Amino acid sequence: MATVRYGGHYNQPNLNQMKMQITTTNVNIDSRNRPNNIRELMCCSLSADFCEVLERARKIAAGMGYKLYVAGGVVRDLLLGIECLDIDLVVEGDGIELAQALSKEYNGRLRLHPKFGTAKVVFPNGVQVDVATARVEFYQYPAAMPQVETSSLQQDLYRRDFSINAMAVSLNEGSFGDVVDFFGGRADLERGMVRVLHNLSFIEDPIRILRALRFEKRFHMNLEAQTLKLVQEAANIKMLSRVPNERIWEELKHIFREPRPGEVLVRLIDLNLWDCLFPGVVPKQVRQVLTQVSHSVKLLRSWNLLEPLEGWLVYFLAVLHDTDWTNAGEICRRYNLSKRYTIRVAAALGNWRRLVNNLQEPLAITCSELARQVMLLPREAYPLVLCYLNDSASRRRFRKVLSSISCNKPLIKGEELRKLGYKPGPLYKKVLNGLWQARLDGDLRTKQEELSYVQEYLTKYEGR
Ligand code: ATP
């Protein structure tokens, strides 16, 4: 059993006892007849490059007298049949020494974190491997950064967040491919449960609340009943507000990049966790948009008119869209958003509503004016606009405007103006803009018509 200790700041007499209790009562290790050795599965699921690196790593570790394991999310993904792009190794021994030897052998790049006993090796073929020394973490007080000490594999796995992330696979002689599962992670994977390893997990590290919801939605799982209760308790005492904003933002960005971020965000609203993350943002209207926004992204993609979107910003805008700028600006500052992105958020919040209204009542408004309004928005706000267009006519109109912006460009460019004898200057921008507007509104169709327009415009404004 792991010995996670607490410093004197956290005045709770029976912490270790409580942790042990839940571990022993809740773990119901499934004893179904499935092979415990997944060597073949590993060989099929991992790329040849990864397999070669693992083979080499295990030989080096054996030569050093160390035990070596693949551990954490990668084991979960292997068992679920999901492609693994990163591999985490845990060494019962000196992880840094092993990483150094491995990178030397392959001429890889090495990044060391001696304080945590971890290292990253990037091989010339792009394969990346994280190597960690088996460790146990001590929390000085709830939500503190952990202190680290070396330990055994079992202790290392016990410090992890959920049973499904606390499995390992042996790479050692005689047990290569054996799944090491002290906490019933495999059974939880099979029954679709996200379960913490002890009842103080969210107190130790409240960020795990966000991770729990992320995995729950990513894998279509459920929070195990006791874990759900612990989330609710942590929400009641606002544990998340003790976590530094940078860590919250890191995790929020992970959420925004999930396959279905909207579902995770809605779950945050339903579990009363919203306020700690987005204070002042009223979730009522946001909830509706969050359930629709991924559908809007798909629809926009199907129109083939979108350059790639920054996915996280789509969801961040969906979260903030109904909030006034004073509050939204505060959230941007809270999460230290760069000036470039803050400007985009402000542009979206200031302009999306008018565009929606104008797309829904189009009679009095020209296509060029709609295009101008669209171009005031960052493209990550387009899915938001689409969420509010609930009749097919206004959606068609939006599509037409987007298509005009990308396809209906004037035939005359600055180069032609120069050939006509006009010196480059601010007037170029004006005339080309006027040309573009006239074209969008269907007033100009041929190059000849555009030329006449330009000449007329320039004569009028330049007096030429
Ligand atoms: P993803 O597929 O999102 O990368 P992952 O499980 O691989 O998921 P990482 O953030 O790369 O996530 O973490 C690797 C492993 O480290 C996890 O599987 C888990 O065992 C452990 N871990 C990560 N964060 C925590 C945490 N806050 N508390 C405890 N263990 C953690």
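A charge sits over a ring if NZ of Lys or CZ of Arg is within 6 Å of the ring centre and within 35 degrees of the ring normal. The model here is predicted, so local features need pLDDT of at least 70 and side-chain atom pairs 80 or more, while totals for chains, interfaces and linings use all residues. Numbering runs from 1 along each chain as its sequence is written, and side-chain values use heavy atoms, with hydrogens and water left out.

**View A. Arginines over rings.** Arg340 has its charged end over the ring of Tyr341, 4.7 Å from the centre. Arg214 does likewise with Phe215, at 5.1 Å.

**View B. Tyr106 and Phe123.** The whole structure holds 17 aromatic pairs (Phe, Tyr or six-membered Trp rings with centres within 6.5 Å; planes under 30 degrees apart are stacked, over 60 edge-to-face, the rest tilted). Here the centres are 5.1 Å apart and the planes at 85°, so Tyr106 and Phe123 meet edge-to-face. Tyr106 belongs to helix H5 (residues 95-106) and Phe123 to the loop between strands E4 (118-122) and E5 (128-133), 17 residues apart; helices (H or I, at least four residues) and strands (E, at least two) are DSSP runs numbered from the N terminus. Tyr106 is buried at 19% relative accessible area, and Phe123 is buried at 3% (buried is under 20%, exposed over 50%, partly exposed in between; 1.4 Å probe, protein chains only).

**View C. Trp249 and Trp312.** This pair is edge-to-face too, 5.8 Å centre to centre with 90° between the planes. It links helix H11 (residues 245-256) to helix H15 (residues 311-320), with the two Trp residues 63 apart. Both Trp249 and Trp312 are buried.
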